[in-house]
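Visitor: I would like to learn how to read a protein model one feature at a time. Could you take me through it slowly, giving the general idea before each case?

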Amino acid sequence: MPPSPGDAGEVRDPTRLHPRRWYVMSGGWSLLLTPWIYIGATSSQPIVVRVLLVLAVLAYIACFVFGLYEAMQRKQRLFSAALLVVMCVLWLVTAAGFGAQDGAVYTVSYLLVMVIALVPAPWTTVAAVVAFCGAVGFDWLVGDGLTGPDVFGMAAISIAMRGQFWLVKANSQLREAREELARLAVAAERERMARDLHDVLGHSLTTITVKAGLARRLLERGDMGRAAEEVTDVEQLGRQALGEVRSTVAANRVASLGRELAGAREALRAAGIEADLPAAVDNVPPDRQQAFAHVVREGVTNTIRHSGAGNCTVRLTPTSVEVVDDGVGSPDGTPAGHGLSGLTERLAAIGGWVDAGPTPSGGYRLRAEVLPRTGPVRRPEPAG
């Protein structure tokens, strides 16, 4: 079976056993074949035949222990087919050389396990049945024929070996599932940190930049008192941003809607934008205030950075929050940035959505809405 495109250049074994562990497990089963090494070496047949029989058994063991592991790693049809042919020939030699009276026919169980392990899934059962029937037919031709206990013993050994192989493979799949869950958890944590750091630093640095610019203009006019106040605010904002970054890294930062509105009022004032903000947030349910706070932060930050607006309005209802400005905004078709993507994830987590785009009057609107608890509401078409 050829490797999948995603596994190009990567060797993978379905058992995911370290070679040493595989050799211990498969070598333990191969101990059942050692009596035929002694039988072959001490038989009454000519020396050449005895040497060939011993070499055949040793090669049979090597194919099972080393060849099967290599075939599972490579997942190459040609290599697997060649290995199965070699195993089949070696078993025919041992079965014909020892005969059924010595029980050598039982060694077909190792061939059956390799057939089950290497043949593609749709044909596994058919191939195993064909191999088993072929072994019974060959023994009937060259030996004394198999009795019922002989057939039952062959099937029991094959099932036992296959069962152990299946358990090893199932454990491997469980390990893969745990590793995948760990990778997903790491990816989710990285996305959370990236989203929260964008929310924190985007707004804080924008406000600091605006206030620093205002302080510079005040210094140029000679208004030292107000300039000192703005510089003090910049220092406080820097300390606040540092604390929020630490809280974000520690995963314990909680956004406050009231605090965001107060910060938005101050940032808009420093940017020279007229602010129309709600005086209270009591009408917003507590479970929505954190998500709405992120919407206010993102909307006000975008207004200050991109819009060139003169007015900014924030409207709050129990089920929605809206940030509207009269600036130029961004044209239709502009891809959503990291901020809007993060808002979409936050609102989706509480059953809401985000709608952003130009307004008919020429400004820009960012709106987030959550389904009311009393019943579903038809979602409006996105504006942009």
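Guide: Let us begin with a charge over a ring, which is counted if NZ of Lys or CZ of Arg is within 6 Å of the ring centre and within 35 degrees of the ring normal. Here the charged end of arginine 74 sits over the ring of phenylalanine 79, at 4.4 Å from the ring's centre. Before we go on, please note that this is a predicted model, in which local features need pLDDT of at least 70 and side-chain atom pairs count only at pLDDT 80 or more, while totals for chains, interfaces and linings use all residues. Residues are numbered from 1 along each chain as its sequence is written, and side-chain values use heavy atoms, with hydrogens and water left out.

Visitor: How many aromatic pairs does a search of the whole structure find?

Guide: Rings of Phe, Tyr and Trp (its six-membered ring) pair if their centres lie within 6.5 Å, and planes under 30 degrees apart count as stacked, over 60 as edge-to-face and the rest as tilted. The search of the whole structure finds 4 such pairs. One of them is the tilted pair of tyrosine 23 and phenylalanine 66, with 5.0 Å from centre to centre and 55° between the planes. This pair links distant parts of the chain, as tyrosine 23 is in helix α1 (residues 19–30) and phenylalanine 66 in helix α3, 43 residues apart. The names of such elements follow a rule: helices (H or I, at least four residues) and strands (E, at least two) are DSSP runs, numbered from the N terminus. Ring pairs also link Tyr23, Phe66 and Tyr69 into a cluster.

Visitor: Is tryptophan 36 buried or exposed?

Guide: The general idea is that buried means under 20% relative accessible area, exposed over 50%, and partly exposed in between, with a 1.4 Å probe and protein chains only. Tryptophan 36, which is found in helix α2 (residues 34–42), counts as buried because its relative accessibility is 13%. Tryptophan 36 and threonine 94 are 58 residues apart in sequence, yet 8.8 Å apart in space, C-alpha to C-alpha.

Visitor: What can the backbone angle phi tell me about lysine 75?

Guide: Phi of lysine 75 is near 55°, which is a positive value in a residue other than glycine. Lysine 75 has its place in the loop between α3 (47–74) and α4 (77–98), and it is partly exposed, with a relative accessible area of 29%.

Visitor: Which strands pair with β5?

Guide: Two strands pair if DSSP finds at least two bridges between them. Strand β3 (residues 320–325) pairs with β5 in the antiparallel sense over 6 bridges, and strand β4 (residues 352–358) pairs with β5, also in the antiparallel sense, over 7 bridges. Strand β5 (residues 364–370) is mostly covered, with 5 of its 7 residues buried. In the hairpin of β4 and β5, which has 5 residues between the strands, glycine 362 takes a positive phi near 110°.

Visitor: How many salt bridges does a search of the whole structure find?

Guide: Side chains of opposite charge can pair when their charged atoms come close. A salt bridge is counted when a side-chain nitrogen of Lys or Arg is within 4 Å of a carboxyl oxygen of Asp or Glu, and the search of the whole structure finds 11 of them. Among them is the one between glutamate 260 and arginine 297, whose closest N and O atoms are 2.7 Å apart. Glutamate 260 lies in helix α9 (residues 257–270) and arginine 297 in helix α10 (residues 286–307), so this pair ties together parts that are 37 residues apart in sequence. Glutamate 260 is buried, with a relative accessible area of 5%, and arginine 297 is buried with a relative accessible area of 5%.

Visitor: Which residues are linked with Asp355 in a network of salt bridges?

Guide: The network links Arg315, Glu322, Asp355, Arg365, Arg367 and Glu369. Within it, the side chains of aspartate 355 and arginine 365 meet at 3.0 Å, N to O.
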